[in-house]
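Subject: Model for your files

Hello,

Here is the structure I said I would pass on. My notes follow it.

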Amino acid sequence: MRLEKLSLFNFKNYQEASLEFDEGIHCFLGKNGSGKTNLLDAIYYLAFTKSAINPSDQQNIGKHGDQFFIKGTFVQQAMGNEIICSFQQGAKKVVKENGNEYAKLSEHIGKYPVVLIEPGEIELIWGGSELRRKFFDSILSQIDKNYLENLILYTNVLKQRNGLLKLFSEQMRIDVDLIAAYDEKLIQTGDFIFQQRKNFLASFFPIFQSFYKFLID
C-alpha cells in the first residue's frame, strides 16, 4: 500500500496544497516552521481520523476560514481508495471512504496503517511510560480490531468510574456495587490489553535488538 495523492485545504499552515507521490521513498525538505511535520500529520490524520500532534480539530483549522479538508488516495493491489477527512466549526467531523461516510470512526482505523516518527518521538526514550504505551497502542489498534475496541471501552469505563468517584466524594456517599461493576469491566478489558501488549512486545523485541545491534556495531 502507498499514498498516491494528498490534498489539503486550510489545514494548519497550508491554505491549499496538492501533492502526488511515485513509488519509493520520499523526503520533505524545507526551513524550520515551513510545514514539513504538518504534511506528515495530514497523512497520519487520513489513517487515524485525528491529528497526532494536536487532538483538537478546532485548533487544526488554518487562518483562512472556519474549516479544513484533507483528501488522500491510497493505492493497494492496483486499486485506489479515496479518503476524505473534513471538519467545520459547529459541526461534526466527517470521514469518507470512496464517498461513503463512516458511521463510526473506529471502523476506519487499521485500513491504512501508518506509523509516524517525528522530532518529538525522542520522548519515547527519555519520557515516561505513558508515551510508550500510547505509541504501541497506535500500532496495535491498526492491526487488531479487538484491541482497539477493548482500548476504547477501557478508556470510556475508566472515565465514567472516575467521574462517579468524584461525584460520590462531593455527595459524601458511595455505591459500592456500582463501583464494583465498573471495576469488573476494567479488569476484563485491562487484562486483554495487557496480554496483547505483552505478546506484541515479545515479537517486537528481537526486531528492536537486531536494529540496535546494527547501529552500535
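How many helices and strands does the secondary structure of the protein chain come to? There are five helices and six strands, where helices (H or I, at least four residues) and strands (E, at least two) are DSSP runs numbered from the N terminus. Read along the sequence, their pattern is β-β-α-β-β-β-β-α-α-α-α.

On provenance: this is a predicted model, in which local features need pLDDT of at least 70 and side-chain atom pairs count only at pLDDT 80 or more, while totals for chains, interfaces and linings use all residues. Residues are numbered from 1 along each chain as its sequence is written, and side-chain values use heavy atoms, with hydrogens and water left out.

Overall figures. The C-alpha trace spans about 60 × 55 × 35 Å along its principal axes. Of the 217 residues in the protein chain, 35% are buried (buried means under 20% relative accessible area, exposed over 50%, partly exposed in between; 1.4 Å probe, protein chains only). Taking contacts (heavy atoms within 4.5 Å) between residues at least 6 apart in sequence, 53% join residues at least 24 apart.

Nonpolar cores. I use the term for a set of buried Ala, Val, Leu, Ile, Met, Phe, Trp, Tyr and Cys residues joined through side-chain atoms within 4.5 Å. The largest has 30 residues, and those with the most contacts inside it are Leu-6, Leu-8, Phe-11, Leu-46, Phe-68 and Ile-70. Two or more residues each come from β1 (2-11), β2 (14-20), α1 (36-48), β3 (67-76) and β4 (79-88). With eight residues, α1 gives the most to this core. A second, separate core of nine residues includes Phe-136, Ile-139, Tyr-147 and Phe-200.

Leaving out residues up to four places away in sequence, Leu-8 touches Tyr-14, Gln-15, Glu-16, Ala-17, Leu-39, Ala-42, Phe-69 and Ile-70. Leu-46 lies in helix α1 and counts as buried, at 0% relative accessibility. With the same exclusion of residues up to four places away, its contacts are Leu-6, Ile-70, Lys-71, Gly-72, Phe-74, Ile-83, Cys-85 and His-108.

Aromatic pairs. Rings of Phe, Tyr and Trp (its six-membered ring) pair if their centres lie within 6.5 Å; planes under 30 degrees apart count as stacked, over 60 as edge-to-face and the rest as tilted. The count comes to 14 pairs. The rings of Phe-11 and Phe-68 have centres 5.4 Å apart and planes at 70 degrees, so this pair is edge-to-face. It links strand β1, which holds Phe-11, to strand β3, which holds Phe-68, across 57 residues. Phe-11 is buried at 0% relative accessible area, and Phe-68 is buried at 1%. Phe-68 also pairs with Phe-87: the centres are 6.1 Å apart and the planes at 35 degrees, so this pair is tilted. Phe-87 lies in strand β4, so the pair with Phe-68 in β3 ties together parts 19 residues apart in sequence. Elsewhere, ring pairs link Phe-135, Phe-136, Phe-200, Phe-204, Phe-205, Phe-208 and Tyr-212 into a cluster.

Helix packing. The axes of α4 (residues 145-171) and α5 (residues 176-216) come within 9 Å and cross at roughly 145 degrees; axes are lines fitted to C-alpha atoms, for helices over the stretch in contact, and angles run from 0 to 180 degrees between N-to-C directions.

Regards
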